[in-house]
Amino acid sequence: MMLWHFVFWLSCAVAVVCSASLLFVRKPMHGAVYLTTAMCALALAFYLLGAPFIAMMQLILYVGAIMVLFVFVIMLSPLQETFPLQLQDRSLWPGLILLILMLLELGALLFGGLQVDPTTPQIIDSKAVGELLFGHYKLAVEAISTLLLAALVGVMYFARHLQRHQERKLPEQQEAK
Amino acid sequence: MNLLAVLFVSFLLFAIGLAVILVRRQLLFVLMGIEVMTNGAVLAAVAAGQYWHSADGQVLSLFMMLVAGSELAITLLLAMLSYRYLKVSRIDQMNQLQDKLDKEGQLL
Amino acid sequence: MTDALVTLPMMHHLLWLIPCAPLLGALLIIALDGLPTRAYGVIANLAVLVSALCVALLWLSGSWDMPVQTAYEWMHIDNWLLDVGFRVDRFTLVMASVSAWVGLLIHLFSTQYMRHDFGERRYFAYLNLFVGGMLLFITADNLILLYAGWEIMGLCSYALVSHYYTKDENVYAGRKAFVTTRIGDTALAIGIFLCFMQFQSLNLESIFQAAPQAPTGMIAAICILFMLGAFAKSAQFPLHVWLPDAMAGPSTVSALIHAATMITAGVYLIARTHVLFDLVPDVRWWVALVGAFTALYASVSAIGQNDIKRILAYSTISQIGYMFAALGVGGYSLALFHLAVHACFKALMFMSSGVIIEIYHHDHDIRNMGGLHKQQKFLSFAYLAGSLALAALPLVTASFYSKDAIIAATYTADHGAFLAGLGLLGALLTGVYSMRMYFMVFTGKARSEIHDYKMTWAMKLPLGILALGSLCLGFIQLPDSWSFGPHLLLPWLEPVLTSVALPEGHAGEMLELLGAAAAVIGILIAWPLTKAEVRSGRGVGNIGFLNKALYIDDLAKVLVIRPFLALCAVLGSVIDGLLLNGVLVAGVRRLMLNAAEVVSRGQGALVSRYVLLMVLGLMLIIGYLTVQL
Amino acid sequence: MLNLVIYFPLLAAAAIWLGCRERGTLARSLTLAVICLETLILFGLAMGGNTLSLDAEWIADYGIHYHLQLDGLGLALSVLSGGLAVVAMLVGWERIDRWQAFGPLLLATLSGMVGLFAAYDLILFYVFWELMLIPMYFMLAMWGDPDSRRSATQFMLVTVTASLLMLVAIILLFIAHGVQTGIYTFDYGILKQTPLIGNTLLSKLILAGLLLGFGVKVPVFPLHFWAPLAYRKGDPSVIIMLSGAMANAGVYGLLRFTMPLMPEVTAAFAPWGMAIGAIGTLYGAAQAIRQEDLRGVIAWSSISHMNIAILALFAWQAQALHGMALQLLAHGLSVAGLFAIAALLLDRKRDGVYANVGGLYAQMPKLGMCFLFFVVATVGMPGLANFAGEALILAGAISRSILWGSVGAVTILLSVIYGVKVYGKVMLGPVNPRVPTELWDLNSREKAALTVLIIAILVIGLMPQLMIETVHLPTAELLAVNIDSLFGGVHAID
């Protein structure tokens, strides 16, 4: 149990620290790497919480799909600039102050009066999830699948836009030459 | 497992994501911040589900991931388009749809 | 009297033809397209002939005691029971005869007179409509139908006065006629509605029966409103302003308006509703006062006119004034008598004046005429008959018998001496202006070129008949005080129209003599006056005060029309311009714009600001939860 | 049958819209055919003299019924709307372009109007009300003078605001009625059975909302500010529908939903309502006198005449209400005739501003005669339709209140001033040198359009009893709300 606690909180800490580093990195690529790390750490945390299915999904979907997308975009994007953090920008401060206030409130909320019994995590396997998914939530699954389809169509549409833009650009460049 | 502590971690993640959005105004970082926020929410959902020994939390987080995935697929492409067409990368420069009224109240 | 020469029981069912034949004639003329122009004149004549014959048949069949015919139910809602119904009694019959037969003569005259004129078809349609309207007005058995005829006449007067529409002043004259008389129409309409409110009926008979029980105040209000209506229609002071201008139409139209239809309608209205007026003698007295005053005022104005038609116009106003004076003292049958006489000589004079104007090449100014007697003998004698009748030459002309009786009758009313004095003075001046006009036109040397004009039988016949009427119509009713001669009209009308007591003895004889003397003196003054005027080239017509008819018209323009238009403008700019569009519309617009600007600035398309607001919202929600738990 | 007459134009509109994308002339012919058919069906129903009705649950939770009932009054107004639509089409035959859009919009409006006159449920009424208004906005904005956009937008904003107020009032009425009786329903038939009692603040608010909502459409005197501009700038064909047919809907709404549903508060308001009607009548007429163009005069005269109807409405008296029904029809016909004349002049490139016209009669005597006929009808010549309405209204109003009835009667005078003035300025007088010499007189299509109106005006004027009998039953039913006992206040202000 001790080990569980150690590994769990460590992975949580890694996730938090890696996320927080997004605030400071200069290059998007570095940010993507930190984000990937954080997600992997979270996957571990999910596993430890007793949700192996979600842990795998976290790896497959987030790390395997979303982050890859990120990396693709970063690599494809034409401008390779760096974005340093600009804290001297005054307009940032009210937001940060509000954020800190919110955190304080959260702390007060969570640790102020709530009493929650600690429990030991039990493993809820993919079978249970699947039953629920295709039983009670089947309508939501349909909705989500429609959403995915819509996203697919949307992406294809935009991608064609992108293509046409490039095609238009090419002759112009040739003429310029 | 102390649920409150896990929830606090998830809130922390959420807050960090929000902070990223607020502080870093480049499109890519904003998107990353959104991902962090989503992750925080997913963590909360999973933890709560496990606490109640129910698979609902996991189903919910699965949905969230899928939604986040489809959202990101489109927004990333849009980000790319905005680089190409508008030549901007900061979200506060992307205000082309802003209302601008002339003196007579007609939209310019 | 009731022995019928011809027995025609069907007559009760033909009453509708009297007003409807000319109306249908008008409809036919409008509807039938593409006929030769002459055919329209024929249709119009036939239509009026039908109603004239119907009236004649009524006489012949002796059915003058209230034949009533209901054509169909017009509007019926609860006690608003309104039929299209016609009714004839003795008084109506006289009036209808005047309108129909004089109207027929004018129609006949028009077929020649308006030949090759402009807009003949339109002219005949309106002419028919006009006569139809008048006959409808006369024969109607309820107030609304009466009002309908009244209004149709207003419309026709508008259309016919502005017959030569290509000139702005003619159009304006038509408009003025319609609008001014419409003032009276409004009063009449309100009066009718009050009648309905009071009696819950529109039928004349039932109103007359219920009238004695009604509150006097209400009857007085109704009578005042009717009186105003009559004044406007009959061009009594101060609503007479439209009539002199209405000379813009063809002369035959003037003849129709003055003799057979519209102008006399006011007289008829009051006589028709005399049951109500008898109940409120105080109101009725005002009718007499206005009438007598108008008689004098119009004679004064007529003296100062140079336009032949304007002289005639003022003479009409003056003569109608006498009729109102008679009405006001209760001499309804006297008014009717004078009305018939006046119809004859006025139609005659107007139609003749039309010819005269043609001869002098559309010049209306009598100062440029003269010497016509040698060229147009028939016209001259006809006109002389008319002029003398207008001047009421004693014994030989009809209006001596009718007008002097009126003057005598006014003497019996309250302040009778004053009323009779006004009348006598008017009679004197009438002699002056009427003979001045005749002398200026027909005697002496021609002051401008005289064109050839050949009158055909269709023109001579009506003029002849009317001239005969102007001279002889009076012999049916010699003054009551004369023991000899026929007394046909007034006693015959007695069952319908109560007659008035004339002054007895000394005063009566005095008045008779004075009346005769006034006319003769007037005529005698006219001759030297005309001589002097022809010689010097300057005369009464050059006196601006008289020529402008005491400036009443201009006064009305300044005092009524302009303030009214200004009021309209002020109301419009204050209510619509300032309050509604200025304050309300523009204010709301301003408000919306400002609000939009604020909101628009608030959103500003800055994503980070949205996030900030989101954070704020989140903070508040969580804060709320924290406090709650 | 009832559903058929309501939805037939709407379905036809959809079909024409989908089917005649590029074929304007086909759309025009089809639209005319549909409107003629619809009008004939309605006319047949009106001649039949039966009241059609249909009742079904719609949204049971809120007591909303699909309740339709088309009685004599509704039928008469529906036939009028259909007839005016025919006239509007005929006079806009060549001038209006893009029939593939105009036709469906016209049909949709017509459908809304028929539905509105049939609706026996407040929510249903509201639905049809909006169905009637929205196509009208597009017709106003897309056809008409080049700068009609602005007036159309103003029209839209004002009417939408007003109809929202009306909706709020309807909902408040629903609640108030529910509180009073325990039955929560929008069904007019049920609401009518148990009218709202008492002169409370709530009922005053409801009345105010309804007055504003319907009054804008009429337009009642101080709410008329949108109308002159819209009437002047819109295409005359559209305005025929707007002023001739649609304005009636406002009066109809007031007639149905104020007095019968809340007699006490309405009766308390009635003297003020009569005052507003009388003053509005005079005001409209006075403004008409001031105008310097044909369409401006017609617009104001329309406002003036609709306010007489308001005078009658609040007199709530047998003659006045029958007169009001006649007046609605007569005003619709005569104002449509005048706007048709304006349309025909517009076809001849004459916009009706006094400076650009004058002496047209010489070239177009037939058009001039028709014009004069409509002017004369408008000024209330006996024997024509408007007189029947006005005489009844004024007689009824005077019976109720001598003061306001008499004030209203002054319109007899004022109407003739502007009527003959506008006729004289446009048609008579010296020929304006700016007028081209090759204007054509009426052609057969234009004659047909005007003849329909002229015959209708003559028939109603000469035999108003036909119309009175048609509208008698519903009016008598309305008059069953006996307010004589409630009417103490009227004579008090005399």
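First, the ground rules. Residues are numbered from 1 along each chain as its sequence is written, and chains are lettered from A and ligands numbered from 1 in the order in which they are written. The model is predicted: local features need pLDDT of at least 70, side-chain atom pairs count only at pLDDT 80 or more, and totals for chains, interfaces and linings use all residues.

Domains next. Their bounds come from an automatic or database domain assignment. Chain A has domain 1 (1-77) and domain 2 (125-177). Their centres, taken over C-alpha atoms, sit 23 Å apart. Chain C has domain 1 (334-547) and domain 2 (559-628). There, the C-alpha centres are separated by 76 Å.

Now the helix pair. Helices are DSSP runs (H or I, at least four residues), numbered from the N terminus. In chain C, helix 15 (residues 332-359) packs with helix 17 (residues 377-391) at about 140°, axes 9 Å apart. Axes are lines fitted to C-alpha atoms over the stretch in contact, and angles run from 0 to 180 degrees between N-to-C directions.

Which residues of helix 15 of chain C meet helix 17 of chain C? They are C:Phe345, C:Leu348, C:Met349, C:Ser352 and C:Val355. Contact means C-beta atoms, placed from the backbone, within 7 Å. Partners in helix 17 of chain C include C:Tyr383 and C:Gly386. The residues of this helix contact divide into 9 nonpolar, 2 polar and no charged. Nonpolar covers Ala, Val, Leu, Ile, Met, Phe, Trp, Tyr, Cys and Pro; charged covers Asp, Glu, Lys and Arg; the others, Gly among them, are polar.

Last, chain A against chain C. That contact takes 13 residues from chain A and 10 residues from chain C. The chain A side divides into 9 nonpolar, 3 polar and 1 charged.

Note on methods:
Helix = DSSP H or I, 4+ residues; strand = E, 2+ residues; numbered from the N terminus. Contact = placed C-beta atoms within 7 Å.
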